[in-house]
Amino acid sequence: MAHTVSKAGKAKLEEDLDYLITVRRAEVAQKLKEARSFGDLSENAEYDEAKNEQAILESKIAELSMLIDNAVVVDDDDISIDEISVGSIVKLRDLEFDEIETLQIVGSTESDPDNGKISDDSPIGKASLKKKVGDVFEVEAPAGMLKFEVLEISK
């Protein structure tokens with residue numbers, strides 16, 4: 001399943017994968033080696049824990065590899081300033097509270113709401129896609145219906 005990421009987002013995924021392969025694999029292998037030295041594997045909690053950790057690690061490595069292989073990188077040049085897309089930085093006015101928010105629409109793997117990066121799969125992200133400056137859109141949220149006006153689109 002393809003997903004959209006920025007160049008920086010893909011680089012971060014690749015960095016995470018490299019760390020898991022080079023550092024974490026070696027750490028887990030060392031734990032397994034130590035646990036095996038404790039003798040009887042049938043009643044060895046450390047060994048079971050290390051094997052479990054290894055399985056989780058390998059699963060994460062496979063998942064990251066798949067994400068990277070299926071990533072569609074959005075080049076900065078492809079980001080439109082005419083309409084909102086993945087990669088857009090948008091200034092929105094919350095019409096109910098008359099508050100202005102600046103958000104960046106990113107792929108789901110780069111989502112970091114605390115730092116103003118919202119996923120294109122999130123309610124606001126999804127509702128804002130393809131909107132232009134001056135457009136007003138509504139978002140169904142747990143707190144009720146939110147209404148936003150697009151003030152600015154940049155990249």
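β3 and strand β4 (residues 99–106) pair in the antiparallel sense over six bridges. Two strands pair if DSSP finds at least two bridges between them. Strands are DSSP runs (E, at least two residues), numbered from the N terminus. This is a predicted model, in which local features need pLDDT of at least 70, side-chain atom pairs count only at pLDDT 80 or more, and totals for chains, interfaces and linings use all residues. Residues are numbered from 1 along each chain as its sequence is written, and side-chain values use heavy atoms, without hydrogens and water.

Reader: Which residue is the bridge partner of V90 in β7?
Author: β3 is also joined to strand β7 (residues 144–154), by six bridges. These two strands run antiparallel. In β7, V90 has as its bridge partner I153.

Reader: How many residues lie between β6 and β7 in their hairpin?
Author: Strand β6 spans residues 136–141 and runs antiparallel to β7, with six bridges. E140 faces M145 in β7. The number of residues between β6 and β7 in the hairpin is two.

Reader: Why is one side of β5 and of β6 left without a neighbour in the sheet?
Author: Five strands form an open sheet with mixed pairing, in the order β5-β4-β3-β7-β6. β5 (117–119) and β6 stand at the edges, so one side of each lacks a neighbour: each has a single partner strand.

Technical notes. Helix = DSSP H or I, 4+ residues; strand = E, 2+ residues; numbered from the N terminus.
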